[in-house]
Amino acid sequence: MTSPMRRGVPIVAACFGAMVVAVVASPFIGSTSLGFSRVFSTTIPFADNVDAQIFFVARLPRALAAALVGGTLAAAGVVFQGLLRNPLATPYTLGVSAGASLGAMVAITFGSAWAIGGVATASLAGAFLAVAIVYALAAARHRGLSTTVMLLAGVTLNAFFSALILFVQYVSDFAQTYRALRWLMGDLDVASYEPILYALPLVGVAFAGFAWLARPLNLMSAGIDAAATRGVEVERVQRGAFFAASLATGAAVSVGGPIGFVGIIVPHLVRLLVGADHRLVLPASTFFGAAFLVACDALARTVIAPIELPVGIITAVIGGPFFLWLLITRR
Amino acid sequence: MLLSAADLHFRYPRSSKHTTAADAEVIAGVSLDVAAGEAVGILGPNGSGKTTLLRLLSGSARPLAGRVRLGDADVLTFSRRAIARRIAVVPQETSLAFDYTVLEIVLMGRYPHLGTFEVEGARDLAIAMAALESTGTAAFAERPFRTLSGGEKQRVVIAAALAQLDSGKGSRVSFSEEKIPGLESALLVLDEPTASLDLKYQFEIGALLRRIHDERGITVLLSTHDLRFAAALCNRIVLLSQGRVLAQGSPAEVLTPALVGRLFDVDPELAAPILAAAGVRR
């Protein structure tokens, strides 16, 4: 008899393979068709190799950004669902993305007048503000964190920040509003490797946390008290899950904007394949989420070419009906 | 003494300004000893503080005053993992947020025995299967936990508790690694194990607990409001009323019409035939 966990390892490996294939294949898709042998040719100098330039300078950063954002959002979704013991939670449930969006809106509208850094930095700052508010409320009157207070604070914060976003848009001009709206739709056109490298350390820290959290989150599924009596340091796990998943979400949103549904579709599909064990669900969701968003972005670039759709529209069009199907079929 | 509580007091954080300090105290001065090898029942009506008392005794909650000793040391000085290797708790009901299989649930009992990134090995798997066998649930190993009936779920959770208490060194639980002075038995704590079960499952769980107690040498501490269940299973019964110990002793000593009448606030004449039916030896 083999351990139930080992049986899921091939599926995790398959998800990893899907991610690699998606990242390598997607830059070949686009208005200019590229030759595989020319792109990876060692005989033509890079300066003269237009195919390689399009591949490595224009399209690969975008594919990598999609992989980073998709994998991170899917993993953050898994951790938030485990923390809140609610399979319908998303990375945005606790207000992180609303904070990030407000930060980005402020930077887009007032960025030229105030020296507040780039849009990515401002959105990260907004995300941290939201996280700090939710944490302060949830930890205020409890030993450990109250997930109920967390949920209520998150929902309230989402509404409040949305109002502030509307206010900022109201005072901004047409060009700024257009930019802001495009940002809110989710856009992976990063144009260079820089935003990816900028987000990578934050995502790395978050994933180190995720690796540690996988097993305790399994035990938390049966309840806080049950986990504690099995030896889980519940308060530490709750704090770790909240901060690691929030950090991951903030970093992902700062790169690609608040792209919806990835953090809920992917974990659900993955659970159908590997079961509920977070030690399998987390890595499989990360790889599958990366592959999924890369594919969605390729679709967004080509479906009504030469016009590029924001990827958030594609994920929402796929995700909305999926979510409804989930609600209807789940007992 | 395996477990020893002295003058415990506990109250939940005040949720309304209308409750006065005095009536908010859920546990009001309970002292209680559990010796290795005993089967102790805490008997009391709904709201008498049974669940809270078990949480205090198993180190899940911190008393406002008084203390609980596990072996020779305060229970709160141990890490959660160290406590979990000696005390396993079976809650009243278990509902899962995600769809784990029965075997996965039982393997979770191995948590306090494994390192941070350690994966359950062949030995843990053997322990889990043995626990499933001894609770008669091995046939369900691959089934989703949520598809089981209430009685089956309860037995699976007991199997997880057995896997948790198994040090992996033979059938009898032993603590060769990291000895706790004065602690010579594992403790299985059950919160109203039969509250939501029908008669057939009540008998089944009762027989299972008796076997665990007799064959594995595991000390049992349970709460219940079921007179028959407590009388059949426990060698010592603690009557808990409004957070205070009304009486404690052998079933024959404490399960009298007068005491039971007082405990449940009913006429002693009504309690007498129930006690007779429960088979309490006088």
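The largest nonpolar core in this predicted model has 189 residues. Those with the most contacts inside this core are Val69(A), Val79(A), Ala248(A), Val294(A), Val106(B), Leu188(B) and Val189(B). Helix α4 of chain A, residues 50-84, gives the most to the core, with 16 residues. Chain A has 14 helices and 0 strands, whereas chain B has 10 helices and 10 strands.

- Val69(A) touches Leu188(A), Ala252(A), Val255(A), Gly256(A), Ile259(A) and Leu293(A), leaving aside residues up to four places away in sequence.

**Chain A: overall build**

- From the N terminus on, the elements of chain A run α-α-α-α-α-α-α-α-α-α-α-α-α-α.
- The radius of gyration of chain A is 20 Å, close to the 20 Å that the globule rule gives for 331 residues, so chain A is as compact as a globular protein of that length.
- Along the principal axes, the C-alpha atoms of chain A fill a box of roughly 65 × 60 × 35 Å.
- Of the 331 residues in chain A, 52% are buried.
- Among the contacts in chain A with a separation of 6 or more, 76% are between residues 24 or more positions apart.

**Contact between the chains**

- Chain A brings 24 residues to the contact and chain B brings 26 residues.
- On the side of chain A that touches chain B, α1 (4-7), α9 (194-220) and α10 (224-229) each supply at least two residues.
- By class, this side of chain A has 11 nonpolar, 7 polar and 6 charged residues.

**Chain B: overall build**

- Chain B has a radius of gyration of 19 Å, which agrees with the value near 19 Å for a compact globule of 282 residues.
- Along the principal axes, the C-alpha atoms of chain B fill a box of roughly 55 × 40 × 40 Å.
- Of the 282 residues in chain B, 45% are buried.
- Among contacts in chain B between residues at least 6 apart in sequence, 69% join residues at least 24 apart.

- Strand β3 of chain B, residues 39-43, runs parallel to β8(B) and is joined to it by 5 bridges; Leu43(B) stands opposite Thr224(B) in β8(B).
- Strand β7 of chain B, residues 187-191, also runs parallel to β8(B), with 5 bridges joining the two.
- Between β7(B) and β8(B) the chain passes through helix α6 of chain B, residues 199-216, and this β-α-β crossover is right-handed.

**Chain B: antiparallel sheet**

- Four strands of chain B form an open sheet in the order β2-β1-β4-β5, with antiparallel pairing.
- At the edges stand β2 (25-34) and β5 (73-74) of chain B, each with a single partner strand, so one side of each is left without a neighbour in the sheet.
- Strand β4 of chain B, residues 65-70, is joined to β5(B) by 2 bridges, and the two run antiparallel.
- Arg69(B) has Asp74(B) in β5(B) as its bridge partner.

- The buried residues of α1(B) are Lys50(B), Thr52(B), Leu53(B), Leu54(B), Arg55(B), Leu56(B) and Leu57(B).
- Gly59(B), which follows α1(B), has a positive phi near 80°.
- Ala252(B) lies in helix α8 of chain B, residues 251-254.
- Ala252(B) is exposed, because its count of other C-beta atoms within 10 Å is 12, and a residue with 12 or fewer is classed as exposed.
- From C-alpha to C-alpha, Ala252(B) and Ser95(B) are 37 Å apart in space, and they are 157 residues apart in sequence.

Terms used
Residues numbered from 1 in each chain as written. Chains lettered and ligands numbered in written order. Predicted model: local features only at pLDDT ≥ 70, side-chain atom pairs only at ≥ 80, totals over all residues. Pairing = 2+ DSSP bridges. Right-handed = clockwise from strand over helix to strand, strands pointing away. Contact = placed C-beta atoms within 7 Å. Nonpolar A, V, L, I, M, F, W, Y, C, P; charged D, E, K, R; others polar. Rg over C-alpha atoms; globule rule 2.2 N^0.38 Å. Buried ≥ 20, exposed ≤ 12 C-beta atoms within 10 Å, placed from the backbone. Core = buried A, V, L, I, M, F, W, Y, C linked by C-beta atoms within 7 Å.
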